Amino acid sequence: MHNNIFIAGSGIWYPEARVSNEELVNSYNQYVENFNNNNRESIEDGSVEAMEFSSAEFIEKASNIKSRYFIDKEGSLDINRMKPRVNNEHPDRLSMHAKVGIKAAKKAMKQANVSPSQIDAVIVGTSHAPRNYPALAIEIQNEMGIKGYAYDMLVGCSSTTFAINNAYSDIASGLAETILVINPEINTPHVNFTQRDKHFIFGDGCAACVVQKNSNSNNAYKIIDRKLHTQFSNNIRSNFGYLNRAAIDVKTNEELLFHQNGRGVFKDVCPLVASLISNQLEKNNILPHEVAKFWLHQANGKMIRLITSKILGTDDFDESITPMPIINFGNLASVGSLFAFNLDNDLEPGQKGVICSFGAGYSVCSIIVEKL
Ligand SMILES: CC(C)(COP(=O)(O)OP(=O)(O)OC[C@H]1O[C@@H](n2cnc3c(N)ncnc32)[C@H](O)[C@@H]1OP(=O)(O)O)[C@@H](O)C(=O)NCCC(=O)NCCS
């Protein structure tokens with residue numbers, strides 16, 4: 001049985017500063033040159049390993065990424081810093097995550113045709129929480145004058161879709177009728193810009209959507225089915241957390257940052273996601289070629305193509321069915337699939353699409369939607 005629950009509207013925000021592969025590589029390669037010059041003797045006697053240069057061609061070939069947007073381009077590309085300049089959380093000012101969340105939320109609410117007084121709850125899902133408490137969602141709820149309740153949740157790269165799923169469940173169980181889902185993904189403070197296999201992957205951005213019972217919006221998509229799956233893996237991991245300052249096994253900041261075995265992820269996740277979506281479509285009596293858009297997680301263009309070709313049973317398909325904001329925005333952690341949805345969802349009434357995230361955890365969530 002279908003509940004009449006919709007994604008009634010969505011909105012995105014991203015920073016102004018665009019960073020091309022060439023700019024990123026230029027900074028990284030200068031850093032490498034300095035490092036190798038400064039450590040020449042140790043490199044020659046074998047006690048230190050020389051760093052290797054990166055290239056714009058490799059990045060585009062390996063990932064399809066051409067550019068990304070950063071909250072602080074200057075700090076991130078400064079070879080004496082190699083990280084964005086951000087402020088600590090502070091009780092006297094609105095947090096950066098709340099600010100960008102509200103920007104995306106206002107666009108989603110406009111599209112959904114809802115005002116703050118109609119919203120019953122706020123759910124924030126993110127892979128990088130700036131603090132443990134008070135919840136970001138409650139900060140945003142307060143700032144926007146929204147009644148009801150609000151909470152945060154962390155599910156790595158599936159934080160956005162799992163949050164949409166929670167909104168659906170809260171509405172279906174009668175707790176709320178209209179829920180604002182907000183997903184800030186400010187990834188760059190957690191990226192090691194001095195590591196060749198990781199420096200190019202992430203950008204910063206935020207998405208939001210309104211999940212609502214009985215929407216009257218022209219942009220509404222009915223949620224037809226949800227499928228969630230998790231399976232433990234250390235292949236994408238962050239060891240950063242509140243234990244660090246008290247830990248007796250001291251680790252450097254670099255050791256605590258985002259880390260991944262990209263090849264391992266690729267090998268594990270592609271077959272898992274392809275079979276999960278195929279089974280879900282079959283269960284819902286939808287033939288793969290009837291799906292008008294696959295709005296998939298934006299971690300790698302090759303992964304998107306491989307998963308889509310496995311589902312369709314052919315690698316000969318029109319690439320416009322798999323929007324790829326990764327090309328311009330890089331990997332946006334959990335908001336990649338919602339960026340894809342937001343930027344390319346001009347379907348005809350009755351046409352169906354699949355929003356699917358996959359990544360750290362591993363966590364996968366696939367949502368079948370139909371244009372109202
Ligand atoms: C991260 C990713 C783009 C890397 O692509 P890859 O083809 O696996 O690349 P590798 O890191 O294995 O490196 C391949 C080769 O290029 C080299 N290389 C790595 N980074 C390089 C760089 N920046 N510039 C030039 N060469 C580089 C490596 O040394 C390696 O050389 P070798 O074959 O001689 O050892 C890819 O694995 C990926 O996207 N995986 C999925 C990750 C994912 O889904 N994560 C979810 C997070 S939300």
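1. Helices (H or I, at least four residues) and strands (E, at least two) are DSSP runs, numbered from the N terminus. By that naming, Asp318 sits in the loop between α10 (301-312) and α11 (326-329). Asp318 has 6 C-beta neighbours inside 10 Å and therefore counts as exposed. The cut-offs are these: a residue is buried if 20 or more other C-beta atoms lie within 10 Å of its own, exposed if 12 or fewer, and partly exposed in between, with C-beta atoms placed from the backbone. Asp318 and Tyr69 are 249 residues apart along the chain, and their C-alpha atoms are separated by 28 Å.

2. The model is predicted: local features need pLDDT of at least 70, side-chain atom pairs count only at pLDDT 80 or more, and totals for chains, interfaces and linings use all residues. Residue numbers start from 1 along each chain as its sequence is written.

3. Which order do the strands of the open sheet have? The nine strands follow β5-β4-β6-β7-β1-β8-β13-β12-β11, with mixed pairing. Two strands pair if DSSP finds at least two bridges between them. β5 (149-153) and β11 (291-296) are the edge strands, each pairing on one side only. On average, neighbouring strands of this sheet are turned by 25 degrees against each other, direction ignored. Axes here are lines fitted to C-alpha atoms, for helices over the stretch in contact, and angles run from 0 to 180 degrees between N-to-C directions.

4. The pairings can be followed along the sheet. β4 (residues 121-125) and β6 (residues 178-185) pair in the parallel sense over four bridges, and Val124 has Ile182 in β6 as its bridge partner. β6 and β7 run antiparallel and are joined by eight bridges; Leu180 stands opposite Val210 in β7. β1 pairs with β8 (residues 221-230) in the antiparallel sense over two bridges, where Ile7 has Tyr221 as its partner. β8 and β13 (residues 363-371) are antiparallel over nine bridges, and Lys227 is partnered by Ser366 in β13.

5. Helix α12 (residues 336-343) packs on the sheet, touching β1 (5-13), β6, β7 (205-213), β11 and β12 (352-359). The direction of α12 makes about 95 degrees with that of β1. Is α12 largely enclosed or exposed? Seven of its eight residues are buried, so α12 is largely enclosed by the rest of the structure. Among the buried residues are Leu338, Phe339 and Phe341. β7 is mostly covered as well, with eight of its nine residues buried.

6. The largest nonpolar core has 102 residues. Such a core is a set of buried Ala, Val, Leu, Ile, Met, Phe, Trp, Tyr and Cys residues joined through C-beta atoms within 7 Å. Residues with the most contacts inside this core include Ile7, Val181 and Cys209. Helix α5 (residues 96-112) gives the most to this core, with eight residues. Leaving aside neighbours within four places in sequence, Cys209 is in contact (C-beta atoms, placed from the backbone, within 7 Å) with residues including Ile7, Val181 and Leu338.

7. Of the 21 residues around the ligand, Ser54, Phe58, Gly262, Ala299 and Asn300 come nearest; a residue is near if its C-beta atom, placed from the backbone, lies within 6 Å. The elements giving two or more residues to this shell are α3 (56-63) and α9 (262-283).

Technical notes. Contact = placed C-beta atoms within 7 Å.
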